[in-house]
Amino acid sequence: MVDARAGRRGKLSAPGRRSTAAGRKRRTALTAYLLLLPAFAVLFTFQFLPAFEVIRLSLTDRLLLRPDSNFIGLDNFVRLWNDPRFWNSVRNTIYFVGVSVPIQTGLALVFAIALARRFRGVQFIRTVFFLPVVASLVAVSVVWDWIFHPRIGLLNEVLGWFGIPMQSWLQDPVLAMPSIILLVVWSGTGYYMVIYLAGVLDIPGEYYEAARIDGANRWQLFRNITWPMLAPVTYLILILQMINSFQVFTTVYVMTGGGPVRRTEVVVFYLYQRAFDSLEFGYASAISVALFAFLIILTIFQQQFIGRRVSYDR
Amino acid sequence: MLVLGTAYAQTVNIEVWHSLGESFGAPEFEAIANRFNDVQDEIVVEVVYAGGYTDALQRAQAAAAAGNLPNVAMFEQTRGAGFVDAGNVLALNSYLENDPEANTDDLFERLLSTCTYGDTLYCMPYNNSTPLLYYNGDLFREVGLDPETDAPTTWEELHDVAAKFAQEENGQLTRWGIGLATSPGWLMDAYLGQAGGRFLNEAGDEFVFDGEAGVATFNYWLQLIEDKAAIASSSQTEDFFSGRQAMMMASTANLVNYFDTATFDLHAAQLPCNVECYAPIGGGNFYIMDVGDQAEHDASWEFMKWILSPENAAEFAAATGYMAPRPSALETPTLVEAFASLPEARITYDQMASHGYSRTLVPFWNEVHNAYGIATEEVLLAGIPPEEALSVAAQEANRLLDVYAR
């Protein structure tokens with residue numbers, strides 16, 4: 001408040017003078033920092049500080065309930081490197097990300113384009129697609145638990161009409177991960193669809209009009225207008241998805257508990273087990289630090305190789 | 001004003017966390033605890049439902065780290081050890097020895113063993129249970145068995161009886177004898193113990209469940225599956241109560257509920273025996289946490305005595321199926337009546353008194369349980385040889401034993 005008034009006074013008293021302009025800039029900056037302060041304080045206390053603490057813990061042999069711990073250098077990271085269960089969880093995570101991200105992105109784009117048109121009930125259908133996103137994951141899991149149920153489940157019932165034999169989805173070592181992916185795609189796609197939808201609706205209609213006059217067909221419209229115009233959105237969605245997907249946890253925790261035979265034990269679930277089952281907090285922190293480092297590298301990589309090709313020009 | 005002030009100063013407030021769900025005696029426990037507030041005015045107890053066993057454990061872990069543990073906490077049998085190991089729990093020996101009202105002789109010794117680390121007692125048994133063999137009398141008669149006399153008492157009988165129920169459709173069992181959980185929980189203690197094995201050796205310095213008895217257990221399970229006597233299942237309760245599965249090993253904790261809701265002729269029996277008879281003691285116990293001052297410790301102990309009085313323990317036991325920890329509770333009109341109307345409620349006491357055993361009390365039990373669960377899945381679902389699967393699990397358990405020996 002005070003700064004804003006000062007700024008206005010400066011403008012009134014000495015218009016056009018350079019030093020005052022700089023001063024105004026400084027004061028504006030100060031205002032901005034002050035406005036950022038509350039958010040930063042919260043973030044610092046609850047996000048950054050714990051993150052630093054995790055890095056410190058990763059260098060110790062801390063056990064969750066024991067107050068004492070010893071500094072052990074990089075021992076946890078050496079152990080991590082040689083831990084077959086960790087690498088198994090990495091493989092599972094890559095499988096999960098590799099399949100779920102393209103499917104979710106693709107479906108989100110298709111739905112967004114389909115629902116960008118105006119027709120009766122479009123608002124309702126958009127809401128329906130977005131509903132799984134706001135539904136509580138626990139409620140969703142209860143429903144899907146039933147859908148996947150080997151004997152009384154909906155999925156087996158429907159497949160049975162086509163003569164496909166019953167499967168025990170979540171208890172089957174081969175089918176468990178695809179089942180998890182199916183659930184995640186169902187519950188997550190709506191979110192990315194909404195982002196895409198905003199992007200699609202943002203494309204000026206004149207482009208399509210002009211192209212149509214030139215005789216472009218629907219594929220050409222998509223290929224040469226929609227897709228490139230959506231590039232920044234796609235880029236954002238990919239980054240969000242990568243970061244979210246590599247940290248998949250709740251669904252696995254609720255649906256399979258990492259099983260069967262560790263086939264759905266993803267990195268964050270393994271981390272959780274180390275932290276809260278064997279209570280090896282130091283080691284769990286090391287896994288967390290490794291994941292963090294990996295995600296940073298991945299994001300930089302995305303920025304370098306995808307981000308550069310994205311044009312924000314209109 | 002002065003009187004009020006003094007009265008206020010004398011009041012001790014304690015917080016009690018429990019993990020009893022609605023159908024596991026929460027209403028009864030809360031009623032008993034609230035009555036404690038009515039019958040005296042020095043101690044005020046605030047009862048908090050801390051979530052199920054797993055949630056309550058995590059909540060307590062967080063509370064321990066933040067330094068705001070409650071005065072009294074209920075932990076599932078295998079989950080108190082971490083807090084004992086960390087020094088968060090008060091030893092109760094001096095209370096038991098010095099308080100004549102403790103009636104130490106009037107406590108089941110085998111239940112006390114679930115709270116005993118060396119010579120130190122760290123908790124009081126409260127909602128203890130053992131698994132029973134529940135079976136469907138109607139299905140028994142359907143396959144020509146007499147439910148009164150033909151309940152299996154050995155592994156061999158269990159195999160033969162269970163095999164009789166197999167019904168198939170398109171190569172899939174639509175009715176079967178018994179289920180094998182791929183996450184067997186305390187039933188792994190039961191089978192392993194019956195095969196003559198234990199998780200830890202007697203000295204407590206090595207996990208030995210990968211020995212002969214462990215292998216025999218897995219081979220028995222494989223045999224049951226091969227002979228269509230059993231299926232690997234994670235939905236046994238619903239399968240049992242909908243009549244697809246004829247027998248189920250499950251806690252006595254739900255006994256009253258089960259008998260209330262079963263739509264068929266429900267029976268219960270002791271677990272079958274093999275090399276020996278063995279029933280793990282499950283459920284939860286109450287711990288006095290090392291927080292607050294002496295007055296709070298004493299108040300917590302008073303509360304323990306209240307809920308463990310023969311009448312109160314009997315009331316809770318009769319409503320659920322859990323075992324009252326005091327033999328004298330069995331003589332109260334409440335339990336005498338309960339046994340008269342549901343004789344099956346007594347089975348767990350007989351089983352516990354003759355061969356009930358404490359679970360394995362190590363701070364990292366959850367991880368041992370996971371490792372054993374993975375081994376079970378590997379054997380039942382992935383065809384990995386029992387020896388190999390068990391040896392990997394035992395290695396992990398022994399590694400943690402070393403980690404915690406530091």
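**View 1. The contact between chain A and chain B.** In this predicted model, in which local features need pLDDT of at least 70, side-chain atom pairs count only at pLDDT 80 or more, and totals for chains, interfaces and linings use all residues, 17 residues of chain A are in contact with 23 residues of chain B, a contact being a pair of residues whose C-beta atoms, placed from the backbone, lie within 7 Å. On the side of chain A that touches chain B there are eight nonpolar, five polar and four charged residues, where Ala, Val, Leu, Ile, Met, Phe, Trp, Tyr, Cys and Pro count as nonpolar, Asp, Glu, Lys and Arg as charged, and the others, Gly among them, as polar. Residues are numbered from 1 along each chain as its sequence is written, while chains are lettered from A and ligands numbered from 1 in the order in which they are written.

**View 2. The two domains of chain A.** An automatic or database domain assignment divides chain A into domain 1, covering 2–57, and domain 2, covering 83–309. The C-alpha centres of domain 1 of chain A and domain 2 of chain A are 37 Å apart.

**View 3. The helices and overall form of chain A.** Chain A has 14 helices and zero strands, both taken as DSSP runs (H or I, at least four residues, for helices; E, at least two, for strands) and numbered from the N terminus. Chain A is more spread out than a compact globule, because its radius of gyration, taken over C-alpha atoms, is 25 Å, well over the 20 Å that the globule rule (2.2 Å times the number of residues to the power 0.38) gives for 314 residues. Along the principal axes, the C-alpha atoms of chain A fill a box of roughly 80 × 70 × 35 Å.

Notes. Contact = placed C-beta atoms within 7 Å.
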